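Hi,

Here is the structure I said I would pass on. Have a look, and my notes follow below.

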Amino acid sequence: MQVLKLTVNGKSHEVIVSEHEMLSNVIREKIGLTGTKIGCAQGSCGACTVLVNNEPVLSCITPALRFENAMITTVEGLAENGELHKLQEKFVEKGAIQCGFCTPGMVITALDHVNKHPNTSVHDIKEALSGNVCRCTGYKKIIEAVAEYSKEVQSLKSKVKSPEKTNNKQQTTNGTVGVGRPYIEATKKVQGIADYADDYRFKGALHVKFVRSIYPHAKILDIDTSDALKLQGVRYIATGKELPITFGVLPLSQDETAMAIDKTRYAGEIVAAVAADTEELAAHACKHIKVKYKPLKEFLSIDASLNDIGTAEKIHDTTKFNNNIHKKAELRFGDQQQGLKDAEIVSKMDFEMIGINHGFTEPHASCAVWDENGLTMISATQVTHYLHRALAKTMEVPLSRVRVIKPYLGGGFGGKSDPFAHEIIVAYLARKTGKPVKVCLTREEVFLNNHGRHPSKMTIHLGANKDGTLKVLDADIAIDGGAYGSFGVVTSYYNGVLLQAPYKLNNFGFRTYRVYTNKPQCGAMRGHGAVNSRFAVESLIDDISHRIKMDPVELRMKNFLDSNTLTVGQYRITSNGSRESLQKVADQSDWKNKHGKMPTGHGYGVACGFFISGSALPIIWNELPQSVVHLKVDFDGRVLIASGANDIGQGSDTMLAIIVAEVLGISMDKTFVIAADTLITPVDFGSYSSRVTFMAGNAAKDAAENLRKEIADAVALRITNGDELRMKDLIEEINFSNNKVFSNDKTINLTWDEAIEILVAKRGAVNVSGKYISPKLGGDFKGAGAGLSPSYSFGACVAEVKVDTETGHVKILNVWGAHDCGKALNPLAVEGQLEGSWHMGIGQAISEEMVYYNGLLVNNNFLDYKIPTSLDTPDIHTHIIETMDPEGPFGAKETGEGAIHPVLPAIANAVYDAVGIRITKLPIKAEEVLRLLKEKKSKKEVAI
Amino acid sequence: MIVAEKVYLKPITVDEAIRFAKKYAGSFRYIAGGTDVIVNKFQGNDASDCLIDITGIEELKKVIKDKKHIKIGSLVRLDDLKTHPEIRKLFPALLEAAHSVASPMLRKTATLGGNILCENRCMFYNQSEWWREAVGYCLKCDGEICIATGGKKNCFSKFVSDTAPVLIALNASLEIADGEKEYILPLEEIYSGDGMKPRLLGNSAIIKFINLPLAEEPSCVFKKLRPREAVDFTSLTTAVSKSIKGKIRIVLGGVDPKPILIEGMANEKDELIKQAIKKSRIVDNDTYSRPYRKEMISVFLEQSFEKLNPS
């Protein structure tokens with residue numbers, strides 16, 4: 001140990017540090033500035049960037065002792081007295097902040113760049129930020145913020161009048177819906193003072209580390225913890241037998257325990273957990289735990305798990321047959337065999353997609369505390385409600401003894417939506433030790449947790465007539481679920497059912513097998529279930545349009561479903577912006593003059609998409625409304641909005657405030673949102689299936705309307721002294737707008753505060769509720785419930801690519817995207833969601849993959865798992881399409897997931913346009929492109 | 001205490017650093033930027049108890065021009081190379097190579113000396129302790145066999161410095177201090193070709209300067225294969241230089257445990273490319289397959305020759 005003197009954000013510190021301690025640890029743990037984040041602990045993501053003596057440093061890989069007497073600036077120190085630095089202001093104003101976890105590092109990096117390169121360009125900004133991973137924004141708004149800041153700095157320097165500044169700061173009092181605005185918590189995030197799960201500090205907390213299986217499939221013969229228990233500071237070591245109760249997000253597949261009990265089903269599964277005084281000690285103790293295994297035959301591929309396994313041991317003994325098939329989902333409408341015979345043209349292709357991971361920047365973290373109120377857990381979760389249920393179940397306590405709190409969350413994308421083993425383990429260890437217990441996963445552990453997109457193999461037939469009318473679709477799909485169920489049953493259906501739109505198809509069928517394999521489990525990821533199969537169908541459509549020599553845009557236009565119609569599987573389509581979306585991207589990209597008209601190696605591709613706007617059925621069957629929102633208003637006039645919905649960086653807290661403010665005609669500063677705390681907020685099913693804006697939004701709207709009624713009643717009663725007849729008339733006349741409550745004739749002309757004074761007189765604070773219950777939908781056949789949603793979103797993308805025919809490298813130059821979100825309640829946030837979706841789709845299309853070697857995940861870190869950097873991300877052109885959904889809140893529907901679907905096939909179709917090869921495997925690898933190019937060339941030569 | 005005593009030292013002269021090294025000879029590591037060593041440490045691939053941080057040695061941060069050379073201090077950060085007009089003017093390929101390393105922030109910490117001494121990489125080696133135990137420890141971490149080759153007794157971890165191939169192509173030599181002696185060595189001579197111990201330098205040796213000769217004024221073309229335009233280590237680096245007399249030096253990185261050097265004349269293109277491919281011991285330890293990387297050697301070299309000798 002050594003004393004280190006540092007000046008951090010202008011304040012001097014003397015801290016005792018250990019010799020090989022990293023600067024990030026000193027800043028976060030010793031000085032207590034948790035704005036500096038740890039995303040990868042290897043210098044690959046940039047979240048830990050701080051300035052040391054005015055130079056940016058990756059604090060997670062730099063020893064603290066290097067910096068004796070150094071001047072350090074963290075994000076918290078960029079401005080003083082609670083103010084924002086101009087660049088921070090720009091980040092807020094431009095919507096460059098979503099989950100906010102990359103923001104501190106991003107702001108520091110950008111600031112250093114602009115300070116040193118005042119005449120920077122957009123390209124140089126991209127270059128400067130290329131070591132900072134953002135998984136939410138697609139970098140677009142970040143780059144805009146930095147570019148605009150640098151321009152303003154320059155114009156200040158040259159004393160030219162600064163460009164007209166849009167003032168977003170004024171509290172608009174009217175019409176909050178449809179006005180683009182930063183998230184309500186954006187300021188906190190950009191200052192680095194928003195607390196994420198690992199930023200919470202508890203007195204005397206213990207830290208947890210895990211022993212993980214080194215075999216993909218093995219019997220556990222013995223676990224010897226005796227040596228580890230002897231270490232001073234080790235407080236408890238738990239093994240699987242102590243937590244035998246199974247859990248899982250779906251009631252149908254509660255097939256997981258917190259730790260492996262008798263056998264392990266994937267390499268990386270938790271076998272034992274150590275709670276110790278420090279993280280370092282817990283990790284050290286893990287090395288002293290000896291586990292004896294007897295390896296079993298492992299099943300690592302879809303094919304191996306589909307087949308009869310002979311005398312080997314199944315992964316789960318609960319599966320029906322002598323194989324590892326977890327679920328078979330099949331639905332058929334019409335006769336596909338006949339349809340394919342009758343079709344004038346049939347395209348058939350085999351596809352193979354590798355698994356991918358959510359890649360959110362904040363690793364999972366949880367802390368658990370037990371006290372007289374039972375269990376309180378603060379956890380990085382998308383779904384407090386299901387975690388609440390899983391904890392009650394596994395801890396064997398009533399639901400009333402569990403409280404789950406979601407703090408600020410650094411991205412989810414589906415990867416934080418299951419209850420997780422580590423959450424159950426820390427809850428258990430906290431009870432066992434009587435102390436608060438914390439865990440924060442390493443990036444490798446995040447990858448082992450996975451629950452990412454299922455790898456899949458598909459054979460798909462699409463039949464059409466020569467006039468371009470689509471006639472029949474038959475999909476044969478197998479997906480690799482990994483070791484446990486997760487959302488897999490839903491995924492199995494989604495792979496098929498979500499193909500029944502956006503095109504009219506009366507003859508449609510699919511069959512999906514989901515298999516267990518000895519790998520980390522797969523689950524829900526942005527665009528859940530349908531991304532890969534959508535890719536396949538859009539590729540087939542492209543193929544057919546080429547074969548019948550019809551423009552692929554025209555062919556799609558010809559086949560779109562209309563608004564207000566039913567699909568073959570009885571999905572109720574209400575608003576439908578397919579046509580507008582496709583037209584928009586075709587126009588913006590100059591499609592007619594570009595597609596098929598570029599020189600070899602340069603191409604344009606198009607595709608469309610379709611997604612649910614919230615699952616109409618709850619995961620755990622019950623009769624609760626999908627969402628409830630409470631509003632409280634007291635003498636101070638502020639409306640407290642309480643909702644169980646999880647803001648995971650997508651901006652749902654802001655959405656709730658916008659809706660309530662709109663209905664009540666008040667400014668945003670008269671609202672306050674408290675969300676995702678299962679003790680305080682009413683149940684919402686959580687952030688999955690793109691349900692929050694539609695469902696929680698509708699509940700908030702309902703609640704606000706109820707509150708408005710209460711206010712109108714109270715005001716009318718006061719003015720009319722209880723004259724019932726006059727009251728009734730008057731109530732109808734009352735307007736809520738501009739922080740005022742008034743009638744047109746000004747009989748009533750109150751400020752909001754005056755109206756609230758009347759409301760709470762002799763009564764006190766008023767609480768009202770609102771709810772959303774999905775209408776009854778769908779057919780009465782088995783499987784009819786899959787994919788039912790009160791509304792659906794639609795969209796389209798055009799991609800422009802260049803293919804290097806010597807190396808096979810594909811470079812995406814532009815993506816034009818349009819998405820029908822019903823109504824953009826907050827256009828700035830909608831754009832952010834779209835850009836993030838497209839960016840994630842680009843990643844899966846060109847570089848992301850989870851590579852296994854004998855069941856071991858090879859690329860389990862942010863260096864080897866290739867999320868596109870700012871330099872790899874093309875220019876994205878964003879278009880919001882509004883169709884005013886009849887049931888969505890103010891016409892709104894989903895926007896977070898559906899947009900991802902069209903971008904991947906648009907890229908692959910562009911590759912076809914560029915060089916005439918059909919991509920059937922993702923990601924699009926240079927060597928595969930080259931192989932296909934050669935294959936094509938040799939075929940051509942043979943033909944000659 | 002549960003862990004061995006750790007030490008962190010910050011010498012301010014080369015002599016002091018070497019003294020420290022001798023003192024902790026059993027278990028020490030020099031670190032400059034440390035961006036490579038520290039991550040290896042986290043993964044348990046470096047267990048040295050003593051870190052000797054040499055970034056306080058100001059002498060090694062200079063760039064000096066004499067009559068015959070530009071001498072670049074080994075502690076010059078990759079990002080700082082471009083601030084030297086002479087380097088910019090005379091050796092643009094070196095700037096390109098430096099700029100292709102990792103990410104902007106890493107380049108503001110990582111040094112030129114550190115980059116040429118960057119530890120060899122392999123997807124079976126650059127993993128956590130848990131992972132390496134699960135895969136069954138490869139040769140490079142005290143195992144029995146090379147996993148990438150499915151059982152060979154040699155280590156083929158790849159050489160990944162991007163700057164070294166350019167420096168070698170430009171005939172760079174090193175000024176090395178090791179105890180009492182100081183000596184000069186052509187850069188290519190410090191690499192052993194053995195993935196287990198890829199460098200031949202003495203344990204306590206410190207590279208002081210990287211010297212680039214001025215006389216031959218070679219032109220040089222640099223290329224790097226990687227999936228993304230930033231962050232990634234190389235899957236294939238090529239540097240091809242041509243002197244005014246038409247002498248060619250081809251250097252490959254990322255395809256062998258050491259940089260591959262092929263020398264010849266400008267008119268021997270095909271033969272030189274053939275040799276380069278033949279000499280590379282590529283194994284499947286990378287995100288790109290072995291055949292593809294092999295194929296790209298000739299594509300990159302053809303393109304480089306094209307650029308050097310526009311037809």
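Chain B has an open sheet of five strands, ordered β4-β5-β8-β6-β7, with antiparallel pairing. Helices (H or I, at least four residues) and strands (E, at least two) are DSSP runs numbered from the N terminus, and two strands count as paired if DSSP finds at least two bridges between them. At the edges sit β4 (63-65) and β7 (181-186) of chain B, each pairing on one side only. From one strand to the next, the twist averages 20 degrees; axes here are lines fitted to C-alpha atoms, for helices over the stretch in contact, with angles from 0 to 180 degrees between N-to-C directions.

Before going on, a word on where this comes from: it's a predicted model, so I kept local features to pLDDT of at least 70 and side-chain atom pairs to pLDDT 80 or more, while totals for chains, interfaces and linings use all residues. Residues are numbered from 1 along each chain as its sequence is written, with chains lettered from A and ligands numbered from 1 in the order in which they are written.

Back to the sheet. β4(B) and β5 (residues 69-73) of chain B pair antiparallel over three bridges, and B:K65 stands opposite B:I70 in β5(B). Helix α1 (residues 14-23) of chain B packs on the sheet, touching β6 (173-178) and β8 (206-213) of chain B, and its direction makes about 135 degrees with that of β8(B). Contact means that the C-beta atoms of two residues, placed from the backbone, lie within 7 Å.

Now over to chain A. Strand β6 (residues 206-212) of chain A is largely enclosed by the rest of the structure, because seven of its seven residues are buried (20 or more other C-beta atoms within 10 Å of a residue's own, with C-beta atoms placed from the backbone). A:L206, A:V208, A:F210 and A:R212 point one way, and A:H207, A:K209 and A:V211 the other.

β6(A) is joined by two bridges to β17 (residues 437-440) of chain A, running parallel, where A:H207 has A:K438 as its bridge partner. Six bridges join β6(A) to β10 (residues 270-276) of chain A, this time antiparallel, and A:V208 is partnered there with A:A275.

Last, the interface: 35 residues of chain B are in contact with 43 of chain A. On the chain B side, α7(B) gives the most, with five residues.

Cheers

Definitions and conventions: A residue is buried if 20 or more other C-beta atoms lie within 10 Å of its own, exposed if 12 or fewer, and partly exposed in between; C-beta atoms are placed from the backbone.
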